Amino acid sequence: MRIRDGELTKQLMTLGLDFSAPVEMKYKAPFGGPVCIKNNKKFIVIRSSEAQEIAIASL
Amino acid sequence: MNHSRIALIGNPNSGKTSIFNQLTGLRQRTGNFPGITVDKTSGTLAKYEAIEVVDLPGLYDLYPDSQDEAVVLRELVTTTDRYDAAVYVADASHLDRALLLYSQVADLGVPMIFVVNMMDEAEKSGYRFNTNRLKSRLGVPVIYTDARSGEGVDRLVSRMTEQNYDLPNAFFRSRYTRENVLENGYHIWISTCFDRYLKDNTAFAEHAEVVEALGSEGQTSILEVPQNQSTNEGIVLEDLENRKRLINIIAAEVVQSPKETRQNEITEKLDKWLTHPVFGYLIFGGILFLIFQAIFSWSALPMDLMDWTFSSLSGIIQSTFGNGVLGRLVAEGIIPGISGVLIFIPQIALLFLFIGLLEASGYMSRVVFLMDKSMQRFGLNGKSVVPLMSGMACAIPAVMACRTIENPKERLITILVTPFMTCSARLPVYAILIAVAVPSTSVLGMNLQGLVLFGLYLLGIFAALFGAAILNRFVKSNAKSYLIHEMPVYRIPKAKDILMNIWSKVKTFVWEAGRIIFVLAIALWFLASYGPNLNQKTAAYETTLTEQNIAPEILDNQVAAFKLENSYIGIVGKAVEPVFRPLGYDWKISIALLTSFAAREVFVGTLATIYSIGEDFSEETITQKLENETDPITGRKRFNLATALSLLIFYALAMQCISTLAIVRRETKSWTYPILQLLIMTALAYFGAFGVYWAFG
């Protein structure tokens, strides 16, 4: 998994996103609102546009 | 024992505040960090008053993205009152994340005690810790606690009182010491922060203090580093990646994690409903509705009881001391004024109870998730929901809570519209006016007074959103807007923490409003009891009425009314009355309105004082006094529906809080915004009240 935006990477990293663990999509807010992802037992909310910045390199 | 100053540091939701409450109990005081306005709570240990503990804002790392994070960096690096040590509080279930911030603080060379908190929860979920390995890796004492039950806190206190604090092992000490930061200019770190500060001088103006603390050499060092964001971002990411790599190795050595935790399973089950695209919003609306119904219904009995008690007390004092100046001052001035503040304690406590429950349970993060998209349409951020909801309690901490919003435009708009939210100081005004003008009947099984109160809260929300939409067109910013936010697992709020928060907030409310109304009540009583040649004028008027053979009880009332109108306060009131007459207010209401520009909660106290002066003693409550007040010319009730609605609209929209204006000034570093806020909100309130009065009058 790679993340293109530096600021986003920094924020996700400090929130505890583990780049070696798979990311699971949990919930989507309606009308194109944010999404909640789960990674390494942590729930993190990011906007859909930001979620698109997360590129899955390999599974 | 020597005086020691100990910082409490940790990630948000690590149970840091629970630990703080366990350590300090009621020996807490709230203040601001010097020079800035972020809430700082400090306290002393029980039996060890020499040990001062300061609860710093929760954060994830020391590269500040928001102002509250910048505060912690500044406190640790540049404070003149240095900390002797830090107690680092880590959530046992997220030790890997906690170690990132820990590693940065450790590299600053701050002596530490490492607390692994919420052990009970972690052990039940299957986490196992290798304590010896953790101790040897960190180089500091490791203490396991469960702040909910208080387990382990005595061991922490014992370690804190030894006053022999261990310096932690370095993670990357060669690059990262406080001495480097202060004396040589730790150019990588500070230049990164400096670069961020430079992006928005208005919002991050305290960067100057950080830079100043570096001295001339440090500043030169900063200036030598190219102010290139991408370079700095690369350095930050490299540093964080290095740290995470090392931390992952340590975490693998010291903790065995389960595949899944019980809290996560419960959280996911609840979130299926609470973040549902339809039910999520319905539940949120339902919760708000229930809160405002409960605030009105549950508080009615204790409020009536307190109101009756104060009225009786006035009566006892007046009958004991007679018509002497002191007896009248206390019975007609001070007691009615103070009671106008104190009787609202049940409602304020209930409001803070509900806000506290929403925050402590983790539900507020779900509201951020649900509302982000809608908020963006108004130029706000999902994170704006937290200050806006907090604004329902008090605008001052709510404006300060805007520091967590990274985008300067969204932050500024949130600051400017937060005072529209119905704060607890408006509640007394709403409560008394609704009680006077709206019948206490049921509509579709719901209390009508509660419904009107709910409508006023909705009005505050709409005013805030409408204001934000307009500001969104005028405020410009190139900064990127984003939302990255943790959704913590649901937790049952700890009763002690909630009760201590209520106690602290009620105490602040009573002290802030109480001291104003105390002085005001004395001043109002004197101004209303004396006037130019008042005794001669009153005697002449009484003689005229006596000659007309008017009945004694009518004569007494007319003389009292004449005396009040010709007192100093009557003269001032009459002078300002023409300004407020189009809104349906007489001179007495106008006086109450003017005094409440300092703090809106003194409105009721002022009215209670004015309506008590000169009256024969009766056990009328404040509500009854307002209900029985009539217009001497028309004989109609003074607080009829049109006047009450007009006042409600005025108070819903007006900016009547000097403290909020001061906080807005400090948070925006400009007088322009609070002055504009005052003028625009007052104009809106005036014309809104005018429209409502004429529509219903």
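The crossing of helices α20(B) and α28(B) in this predicted model is right-handed. Helix α20 spans residues 448-474 of chain B and helix α28 spans residues 641-653 of chain B. The two pack at an angle of about 40°, and their axes lie 10 Å apart.

An open sheet of 4 strands is built from both chains, in the order β2(A)-β3(A)-β4(A)-β12(B), with antiparallel pairing. Its edges are β2 (24-28) of chain A and β12 (484-487) of chain B, each of which pairs on one side only. On average, neighbouring strands are turned by 30° against each other, direction ignored.

The link between the chains within the sheet is the pair formed by β4 (residues 42-46) of chain A and β12(B): the two run antiparallel and are joined by 4 bridges. Opposite residues in this pair include the following.

| Residue in chain A | Opposite residue in β12(B) |
|---|---|
| V45(A) | H485(B) |
| I46(A) | I484(B) |

Helix α15 (residues 363-377) of chain B lies across β3 (35-39) and β4 of chain A as well as β12 of chain B. The helix runs at about 140° to β12(B).

**Contact between the chains**

In total, 30 residues of chain B are in contact with 26 residues of chain A. On the chain B side, the elements that give two or more residues are α3 (95-107), α10 (229-254), α11 (262-274), α15 and β12. The side of chain B that touches chain A has 14 nonpolar, 6 polar and 10 charged residues.

**Confidence**

The model scores ipTM 0.88 and pTM 0.74. Chain B has an average pLDDT of 80, and 86% of its residues score at least 70. Over residues 181-208 of chain B the pLDDT is below 50, and this stretch has 61 contacts in the model beyond near neighbours in sequence. Residues 222-231 of chain B also stay under 50 in pLDDT, with 12 contacts beyond four places in sequence.

Conventions
Residues are numbered from 1 along each chain as its sequence is written. Chains are lettered from A and ligands numbered from 1 in the order in which they are written. This is a predicted model: local features need pLDDT of at least 70, side-chain atom pairs count only at pLDDT 80 or more; totals for chains, interfaces and linings use all residues. Axes are lines fitted to C-alpha atoms, for helices over the stretch in contact, and angles run from 0 to 180 degrees between N-to-C directions. A crossing is left-handed if the near helix is turned anticlockwise from the far one by less than a right angle, and right-handed if clockwise. Two strands pair if DSSP finds at least two bridges between them. Two residues are in contact if their C-beta atoms, placed from the backbone, lie within 7 Å. pLDDT is the predictor's confidence in each residue, from 0 to 100. Ala, Val, Leu, Ile, Met, Phe, Trp, Tyr, Cys and Pro count as nonpolar, Asp, Glu, Lys and Arg as charged, and the others, Gly among them, as polar.
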